[in-house]
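This briefing is meant for a reader who has not seen the structure before. Please look it over first, then read the points below.

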Amino acid sequence: MAISLFDMLKIGIGPSSSHTVGPMKAAHLFATALEQNGLITQVARVQSQLYGSLGATGKGHGSGPAVLLGLEGHLPETVDPAIVQPRSRVISGTAQLKLAGSHPISYQEDQDLIYHRLESLPFHANGMSFTAFDAQGTVISHKVYYSVGGGFVVDEDAVGTDRIVEDQTELPYPFSTGEQLLQICRETGLSIAEVMLKNEQVWRSEEQVREGILEIWKVMQECVHNGTHNEGTLPGGLKVKRRAAALYQSLNNRTRMDLITPSMGAMDWVNLYALAVNEENAAGGRMVTAPTNGAAGIIPAVLHYYINFCPNSNEEGVIRFLLTAAAIGILFKENASISGAEVGCQGEVGSACAMAAAGLAEVTGGSPEQVENAAEIGMEHNLGLTCDPIGGLVQVPCIERNAMAALKAINAATLALRGDGEHFVSLDKVIHTMRETGQDMLEKYKETSRGGLAVNVIEC
C-alpha cells in the first residue's frame, strides 16, 4: 500500500478533518456515484445519518453543512469557505437541495440529517450512511462511509483498511516502520526527505512534487496571515475571543530589546503562528490538514519558526521539512491512527508534534537517526492525551493545545540534535504504545464531548 505526502497534507476547510472534510468528501462520493450510475434523475430525497463521534459532536464540528455541500457537489479543497454556512442555511430554509449541483431534491432537516449521539457503527467511531429514495419512498441506493481521520474516507467494503490508502502503486523505497525507513537511509545514503521525494515521483514529476509542496506552504502562510488579521469571536456559542490578531499587533510593536527578555522572542511568535491557524480552523477557514484539522497549527507554526528564526532557511528547506514530516505521518497512519475519535488527541496533536519535530530536525542538520529520535520524543510526551472538546467545538482546549505542541516539537528537535541518534525508546515502540493507549482509553475521552473538560467546564 502506498500513501503520498499529498494524502497526509491536504488543503481543506475547518473546523475538523474527520468531522467536516471527511463527511463532505463522503457525501460528494455518494452523489457522484448516483450520477455516474445513471440513477440521479430517479432520486427525490437523500437521508444522511451520522453515528458515533460524528453524531455526538458533529453539530459543533460543522458536519451537517459539510454533508449538504458535499451532496451538492463541493469538495473541501476547492469550496469557498465563505459559502458553506450561508448555503446550508438556504438549503434548510428552502427545503431543497441540488444533488450533485444540478438535480433538485426535497430536503427536510429533521428527517434527512440525523445525528445519532449514542449509537455507533461497528467499524469506526466516525461512521455515516447515505440513503437515496425515489418519489415513492423506495430505496435506490444505500452506502456507509467512515471518516477515519485526516480527511481520509473509506466505505463499508474497505473494512480493515482504515489506516491505509487503497493504492497498490509500487514504490522504489517502500517502508511501513521507522526501522525500515532508517535501514533504507543507511543502505542508500539518502536522507528521509530524499527517500520520500523518490517515492513521490511514482505519482508526479519532481517538479510537480516541489510545486505541490510549495502550494501547501503557501496555504499555510495565508492561513497564518488571515489568522493574525481577523478579529472578533469564534462561532459556536462558547464566545471564545480570537487572540492572534491582538498578539500580532503587540509583538510588532515591541522593540528588539523587548524580545531579549525570557517571556518574549521566538516563543511568542510560535504561539502566535499556532493560535492564528487554529482560530482560522475554528472559524471554518481555509487551511491544511497536517495531519488533521484539530492539529493543523503545529506544523505551520514550526515551519514559520524555521523560516523566521533559523539561519540559512529557504524554500528548499520547506520542501525537505514537509517531505520528512509526511514520512513520519505515514508511520502513524499505517501503524496506529491519526483520528481523535479512535485514539484521542494523542493521535492528532501527538502525531503532528512528532511530524513537526522530525521536519525541523531534518532541516537543521539532523541525521536520519536524529530525525527519528525527534519524532519519538515528540510523540512520547503526548501519550495519553485525550480529546475532550468543550461543546463539541474545535476551540477549547484545541487551539492552545496546538501552541503547546508546537513548542514541544521545537524542544524535541533540539534534544534530538544534542544527542547522537541513539535512544532507549524507538519511534516504532512509541507508535505501538500510542495505539494500545488509544484502545484502552475510555470512549468518553475520544471526541464525544462526554468526558474531561467537556463535562467539567460550564458552557457559557
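Helices α2 (17–36) and α17 (398–417) each supply at least two residues to the lining of the largest cavity. The model is predicted.

**Cavities**

**Nonpolar cores**

- The largest nonpolar core has 106 residues, of which Leu5, Leu9, Ile299, Leu322 and Leu360 touch the most other members.
- Helix α13 (residues 315–335) provides the largest share of this core, twelve residues.
- The core lies between domain 1 (14–158) and domain 2 (178–445), because both give residues to it.
- Leaving aside residues up to four places away in sequence, Ile299 touches Leu9, Met220, Ala290, Phe321, Leu322, Ala325, Ala352, Met355 and Ala356.
- A second, separate core has 24 residues, among them Ala26, Val67, Phe130 and Tyr145.

**Helix α10**

- Within helix α10 (residues 244–252), Ala244, Ala245 and Leu251 are buried.
- These residues lie on the same side of α10, because they cover an arc of only 130° around the axis.
- The cover over the buried residues of α10 includes α9 (206–227) and α11 (266–282).

Terms used: Residues numbered from 1 in each chain as written. Predicted model: local features only at pLDDT ≥ 70, side-chain atom pairs only at ≥ 80, totals over all residues. Heavy atoms only, no water. Buried < 20%, exposed > 50% of the residue type's maximum accessible area, 1.4 Å probe, protein only. Helix = DSSP H or I, 4+ residues; strand = E, 2+ residues; numbered from the N terminus. Arc of directions from axis to C-beta. Contact = heavy atoms within 4.5 Å. Core = buried A, V, L, I, M, F, W, Y, C linked by side-chain atoms within 4.5 Å. Domains from an automatic or database assignment.
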